[in-house]
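User: I am new to this structure and would like a close look at a single part. Please go through that part slowly and give the cut-offs for the terms you use.

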Amino acid sequence: MDAALPALGAALGLAALQLADDNVPDLVGLDWLGFVVPSLAATAAMMFASSGDSDAKSIIGDAAVLTMVGQSVLDMNHAPAAAYAYMTAAAAEEGDMMGALATGAAGAAVLVAVHHVWHNHLKPMIDDKIKSN
């Protein structure tokens, strides 16, 4: 059961990303705002596998920095950086840099919020239920 809980948390985080991506842009009237970036799946897996609360500044900051710097500037082979570099290049071609910059940071913020609720509220309830059985 120990391995299933992080997977369940990460799945919850990814579901929240999709839910936000489907609904929030229309609610706030910002068509360019997105929340789903492929590299956030790896971020979710690592966040929910950790035993502690995530460092929001690091996770959101990393998403923003990877978006702005990208793989080509740093000449590195790093999957999240490559995803952000591709997304940034595609957005620049369409003249939509705000969408590229905001998507990674907005998605990371959703994951941080879900992780906080998971780590501080849901997981302790599940752990208590498991221990009592």
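How many aromatic pairs does the count come to by the rule for ring pairs?

Analyst: This is a predicted model, in which local features need pLDDT of at least 70 and side-chain atom pairs count only at pLDDT 80 or more, while totals for chains, interfaces and linings use all residues. Residues are numbered from 1 along each chain as its sequence is written, and side-chain values use heavy atoms, with hydrogens and water left out.

The count comes to one aromatic pair. Under the rule, rings of Phe, Tyr and Trp (its six-membered ring) pair if their centres lie within 6.5 Å; planes under 30 degrees apart count as stacked, over 60 as edge-to-face and the rest as tilted. The partners are Phe-48 and Trp-118, with ring centres 6.5 Å apart and planes at 70°, so the pair is edge-to-face. Phe-48 belongs to helix α2 (residues 39–49) and Trp-118 to helix α5 (residues 97–132), so the pair ties together parts that are 70 residues apart in sequence. Helices here are DSSP runs (H or I, at least four residues), strands likewise (E, at least two), numbered from the N terminus. Phe-48 and Trp-118 are both buried, where buried means under 20% relative accessible area, exposed over 50%, and partly exposed in between (1.4 Å probe, protein chains only).

Gly-9 is located in helix α1 and is buried, at a relative accessible area of 0%. Leaving aside neighbours within four places in sequence, Gly-9 is in contact with both Phe-48 and Trp-118; contact means heavy atoms within 4.5 Å. Ala-4, another residue of helix α1, counts as partly exposed at 40% relative accessibility. Its C-alpha atom is separated by 9.9 Å from that of Ala-49, 45 residues apart along the chain.

As for the helix itself, the 25 residues of α1 (residues 4–28) should span 36 Å at 1.5 Å a residue, and the end C-alpha atoms are 35 Å apart, which agrees. The expected span is 1.5 Å times one less than the number of residues. At Asp-21, shortly before the proline Pro-25, α1 has a kink of about 35°; the bend is the angle between axes fitted to the seven residues ending there and the seven starting there. Buried residues of α1 include Leu-5, Gly-13 and Leu-17. Just after α1, Gly-29 has a positive phi of about 75°.

Val-110 is in contact with Ala-16, Leu-17, Ala-20 and Phe-35, leaving aside neighbours within four places in sequence.

For the setting, the chain has five helices and zero strands, and 34% of its 133 residues count as buried. Among contacts with a separation of 6 or more, 68% join residues 24 or more positions apart.
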